[in-house]
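Take a look at the structure below. The text that follows leads through it step by step.

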Amino acid sequence: MRRLRNHATADEVYQDVRKGHPSISKGTVYRNLSDLDKEGEIRKRPFLGSIDRYDHIATDHYHAICDKCGRVFDVDMDYLQGLEGSVRDGHGFRFTGHDIVFRGVCPECQEREQQ
């Protein structure tokens, strides 16, 4: 995960691991990703409308998703500790955290649009 340095899907991790270990099973890779997530070494990021992705950065931070290609990027912004405490809730929620995902068009897709 740290070598990939992206927000890879489980299948992308599997394809990458297979290059060095051709006999590894998908189940082994998926199980190890789940274990690493539970141990706090990586973080499973379930983005709405997208396949779950795994993040090599396990600390709280924000993301941006490209509307064109679907790639996920880290956002250079301080994490707003306690933001969920300022939410007015009329539904009885007990908030445990928050994620903010920004949408836009990445530089590569912007360049393709201009060609």
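This is a predicted model: local features need pLDDT of at least 70, side-chain atom pairs count only at pLDDT 80 or more; totals for chains, interfaces and linings use all residues.

Strands here are DSSP runs of type E with at least two residues, numbered from the N terminus.

Is T9 buried or exposed? Its relative accessibility is 9%, so T9 counts as buried. The cut-off for buried is under 20% relative accessible area. Leaving out residues up to four places away in sequence, T9 touches I51, D52, R53 and Y54.

Now turn to the helices. Helix α1 spans residues 10–20, and helix α2 spans residues 26–38. The two pack at an angle of about 120°, and their axes are 10 Å apart. That angle makes α1 oblique to α2. Their crossing is right-handed. Which residues meet there? From α1 come A10, D11, V13, Y14 and V17. From α2 come K26, V29, Y30 and L33. Sorted by class, this contact has 7 nonpolar residues, 2 charged residues and no polar ones.

Helix α1 also has a buried side. Its buried residues are A10, V13, Y14 and D16. They cover an arc of only 170° around the axis, which puts them on the same side of α1. What do these buried residues pack against? Their partners are β1 (7–9), α2 and β3 (53–55).

Next comes the loop between β3 and β4, where β4 covers residues 63–66. H56 has its place in this loop. With a relative accessibility of 10%, H56 counts as buried. Which residues does H56 contact, beyond its neighbours within four places in sequence? They are M1, R2, R5, N6, E41 and I42.

Not counting residues up to four places away in sequence, E41 touches R2, L36, H56 and A58. Consider the pair E41 and A58. These residues are 17 apart along the chain, yet their C-alpha atoms are separated by 6.1 Å.

I57 lies in the loop between β3 and β4 as well. Its relative accessible area is 27%, which makes I57 partly exposed. H56, by contrast, counts as buried. I57 and E41 are 16 residues apart along the chain, with 8.0 Å between their C-alpha atoms. Leaving out residues up to four places away in sequence, I57 touches R43, R45 and D74.

The last stop is Y79. Where is Y79 found? It is in the loop between β5 (72–74) and β6 (101–104). At 17% relative accessibility, Y79 counts as buried, given that the cut-off is under 20%. Its contacts beyond four places in sequence are D60, H61, Y62 and H98. Y79 and H98 are 19 residues apart in sequence. From C-alpha to C-alpha, Y79 and H98 are 9.8 Å apart in space.

How values were computed
Residues are numbered from 1 along each chain as its sequence is written. Side-chain values use heavy atoms; hydrogens and water are left out. Axes are lines fitted to C-alpha atoms, for helices over the stretch in contact, and angles run from 0 to 180 degrees between N-to-C directions. Helices (H or I, at least four residues) and strands (E, at least two) are DSSP runs, numbered from the N terminus. Angles under 35 degrees count as roughly parallel, over 145 as roughly antiparallel, 65 to 115 as roughly perpendicular and the rest as oblique. A crossing is left-handed if the near helix is turned anticlockwise from the far one by less than a right angle, and right-handed if clockwise. Contact means heavy atoms within 4.5 Å. Ala, Val, Leu, Ile, Met, Phe, Trp, Tyr, Cys and Pro count as nonpolar, Asp, Glu, Lys and Arg as charged, and the others, Gly among them, as polar. Buried means under 20% relative accessible area, exposed over 50%, partly exposed in between (1.4 Å probe, protein chains only). The arc is that of the directions from the helix axis to the C-beta atoms.
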